[in-house]
Amino acid sequence: MTKKAAVIGSGFGGLALAIRLQSAGIETVIFEGRDKAGGRAYYWEKEGFFFDAGPTVITDPDCLEQLWALSDHKMADDIELMPVSPFYRLNWPDGTNFDYVNDTEQLHAEIAKIAPDDVAGYEQFLEYSGSLFEQGYVKLGTKAFLDFKSMIVAAPELAKHQAWRSVYSMVSKYVKNEKIREFLSFQSLLVGGNPMATSAIYALIHKLERLGGVWFAKGGTSQLIAAMVRHFERIGGQIRLDDPVTKITTSGDSVTGIETASGYKDTFDAAASNADVMHSYRDLLEHESRSAKVTNSLMKKTYSPSLFVVHFGLKGTWPGIPHHMILFGPRYKGLLDDIYGNGVLPEDFSLYLHHPTVTDPQMAPEGHSTFYVLAPVPHQGKLPIDWDEMGPIYEKRILDEIGQRLIPDIHDRIITKFHYTPQDFSTDLNAHLGSAFSLEPTLTQSAWFRVHNRDDVIDNLYFIGAGTHPGAGIPGVVGSAKATAELMIEDML
């Protein structure tokens, strides 16, 4: 008889897992609570502008291509990935610009403009990042850590690479200029990690970008999601939208089925959750004795910050503003301390600006531009404020900053705008504390210390996504799907 699996949530991790299971001959159904697939990769269309909720940075396209290759198809038949260059433009309040490009000679020239003495140190760091990439991403990034023995096996390599040190600490070992240190450490923020505290193993992100490039899906990240759904359905998968799962039913130490808000009930041989890990254990398994123990454990862990995102469509085009910009503020460590530790909504910013229409003009009406700007903010556990009240105030402060640094008449050019707050992450995505990236990626919350890809007691309950190994970001959650699929296929077939 054909085995049946339920996948809860249609984010990148859930879709990647479902495609792998369906390709292996396991009848797979995805359950999505929202009206569109994608999870955090949601989208809105307003007045002809297309706004991606995120994520917007695609690296390691091969990890996605593999999903089509499992059934002898090609990703390019469903979606076009467009190269982005520079990967990012970094900008500081003193007017310094730095274009992070993938051409070694040009990149050396960019570093030399700011800190000539750091060019050699950068090459040493790149070698270190490459070694981490081989160990942490290639060898371990798609392997489940189900017992402490697996950590013991990995320990010598982690020690060799000084994984107990922070990303910023290791970067500082190789380069001396503060701007170059910020250039080589900010990437951990894109997976929810504080560069000052996140394990140095996350320095592998730099090599990942250099090897695989940075890409954008034509039409937006949501179109990549649509392509994955199309492929999943092509090979026989089923997706149920706008019907949130309310209960994972169990008998003894086994999952038996799924119940949803619409009254749908069915039996399954296994279930995998791409939902928030706290929501999965606390709410969907509330009836199960395992729920209280794991929920109490998760309550003691630290969570990544949330985000405040302003989406806006402007009259006019800006060919001089690249696709991705990082607008650093006057502080780096102090700002991170406020966000991660002090629970302060800072007066200053470090911002990520997304400008997709410079790559794909069809994301806006002709002669117009689509943007979003993102500010990391403390999660609701550290900053329990009323975002209905603060949202409009903070939105204006952020747009004022963009106006001061890039688009002087920004307020006059706005056709449409809206913002997304930590409260929205909680409401729309069941994200614990409104965290945008789930568990904080510290060394003691990585690999075996994260939620396991298969539950320790309920032997046919599995996890994918940001809260499990290896963590957040598209390559991370797609890697978690590969690790979990390997377990499920072995267990079920």
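## Ground rules

Because the model is predicted, local features need pLDDT of at least 70 and side-chain atom pairs count only at pLDDT 80 or more, while totals for chains, interfaces and linings use all residues. Residues are numbered from 1 along each chain as its sequence is written, and side-chain values use heavy atoms, with hydrogens and water left out.

## The nonpolar core

The largest nonpolar core holds 116 residues. Such a core is a set of buried Ala, Val, Leu, Ile, Met, Phe, Trp, Tyr and Cys residues joined through side-chain atoms within 4.5 Å. Buried here means under 20% relative accessible area, exposed means over 50%, and partly exposed lies in between (1.4 Å probe, protein chains only).

The residues with the most contacts inside this core are Phe-12, Leu-17, Leu-64, Leu-90, Phe-98, Phe-183 and Met-488. Take Leu-64: residues up to four places away in sequence aside, Leu-64 touches Phe-12, Ile-58, Met-75, Leu-224, Ile-474 and Val-478. Contact means heavy atoms within 4.5 Å.

## Two helices

Helices (H or I, at least four residues) and strands (E, at least two) are DSSP runs, numbered from the N terminus. Helix H6 spans residues 167-174, and six of its eight residues are buried, so H6 is largely enclosed by the rest of the structure. Those buried residues are Val-167, Tyr-168, Met-170, Val-171, Ser-172 and Tyr-174, and they pack against helix H4 (119-139) and helix H7 (178-185).

In helix H15 (residues 422-429), the buried residues are Pro-422, Phe-425, Ser-426 and Leu-429. Viewed down the axis of H15, they fall within an arc of 110°, so they line one face of the helix; the arc is that of the directions from the helix axis to the C-beta atoms. Their packing partners are strand S15 (306-315), S18, helix H13 (387-405) and strand S19 (414-420). After H15 comes Asn-430, with a positive phi near 55°.

## A cavity and a pocket

On a 1 Å grid over the protein atoms alone, a cavity is a set of points where a 1.4 Å probe fits but cannot get out, and a pocket is an open set with protein on both sides within 12 Å along at least five of seven lines; lining residues have an atom within 4 Å of a point. Points are joined across faces, edges and corners, and a volume is the space filled by probe spheres set on them. The structure holds one cavity of 30 Å³ or more, and the largest cavity has a volume of about 40 Å³. Leu-335, Ile-339, Pro-346, Asp-348, Phe-349, Ser-350, Ala-375, Pro-376 and Tyr-394 line the largest cavity. Helix H12 (333-342) and strand S18 (368-377) each supply at least two residues of that lining.

The second largest pocket has a volume of about 340 Å³. Its lining has 15 residues, of which Ser-297, Arg-450, Val-451, His-452 and Asp-456 are the closest to its centre. Helix H11 (residues 289-299) gives the largest share of the lining, five residues.

Ser-254 is in strand S12 (residues 254-260) and is partly exposed, with a relative accessible area of 28%. Leaving aside neighbours within four places in sequence, Ser-254 is in contact with Thr-249, Ile-458, Asp-459 and Asn-460.

Glu-45 sits in strand S3 (residues 43-46) and counts as exposed at 52% relative accessibility. Glu-45 and Leu-314 are 269 residues apart in sequence and 14 Å apart in space, C-alpha to C-alpha.
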